[in-house]
Amino acid sequence: MDTDKQTAARGLTDIEAYLYREAHLGAARRRLAEFTARATDFSPGQKRELERWYLDEQRHVARMVTDHIADSISAVHKVRRNRVGRWLRGTLLAMTTVSAVLFVGALVASMAT
């Protein structure tokens, strides 16, 4: 993979991570707004502190999930790369063997005539 494709792939991964985090935080904000609307025993300062704490916690959770997904994708890519490498080595070995057999066969056939 050339540098431009790697950069583009990394950029897409960053965009996907950002979109996931924003979706997660948007859902967290909605849940929090519903909770604070129902909660009448909190002062406005306590509600703001609760909002700040909860959103910080949800950012942390979203970052952990995004990192886990990225690690899983990297592991799958590594397994696939190893599998393709083994397949290519096997194909090279098979083609070398076939070529050697054909060469020896041609040599034996030319000596017989």
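Leaving aside neighbours within four places in sequence, which residues is histidine 24 in contact with? I looked this up in what is a predicted model. The list I got was Gln58, Val61 and Ala62.

**Entry on histidine 24.** I placed histidine 24 in helix H1, which covers residues 3-38. For the pairing with glutamine 58, I found a polar contact of 2.7 Å between the two side chains.

**Entry on the whole chain.** I noted two helices and zero strands in the protein chain. I took the extents of the C-alpha trace along its principal axes, and they come to about 105 × 25 × 15 Å. The radius of gyration is 29 Å, whereas a compact globule of 113 residues would have one near 13 Å. I also looked at contacts between residues at least 6 apart in sequence, and 59% of these join residues at least 24 apart.

**Entry on surface.** I read off buried residues as 12% of the 113 in the chain.

**Entry on phenylalanine 103.** I found phenylalanine 103 in helix H2, residues 44-112. Is this residue, phenylalanine 103, buried or exposed? I put it down as exposed, because its relative accessible area is 58% and exposed means over 50%. Phe103 also belongs to a nonpolar surface patch of about 540 Å², made together with Val104, Leu107, Val108 and Met111.

Note on methods. Residues numbered from 1 in each chain as written. Predicted model: local features only at pLDDT ≥ 70, side-chain atom pairs only at ≥ 80, totals over all residues. Heavy atoms only, no water. Patch = residues over 30% accessible without salt bridge, like charges linked within 9 Å, V, L, I, M, F, W, Y side chains within 5 Å. Areas by Shrake-Rupley, 256 points an atom, 1.4 Å probe, with all protein chains shown as cover. Salt bridge = Lys/Arg side-chain N within 4 Å of Asp/Glu carboxyl O. Helix = DSSP H or I, 4+ residues; strand = E, 2+ residues; numbered from the N terminus. Buried < 20%, exposed > 50% of the residue type's maximum accessible area, 1.4 Å probe, protein only. Rg over C-alpha atoms; globule rule 2.2 N^0.38 Å. Contact = heavy atoms within 4.5 Å. Polar contact = N/O pair within 3.5 Å; in protein donor to acceptor, adjacent residues only side chain to side chain.
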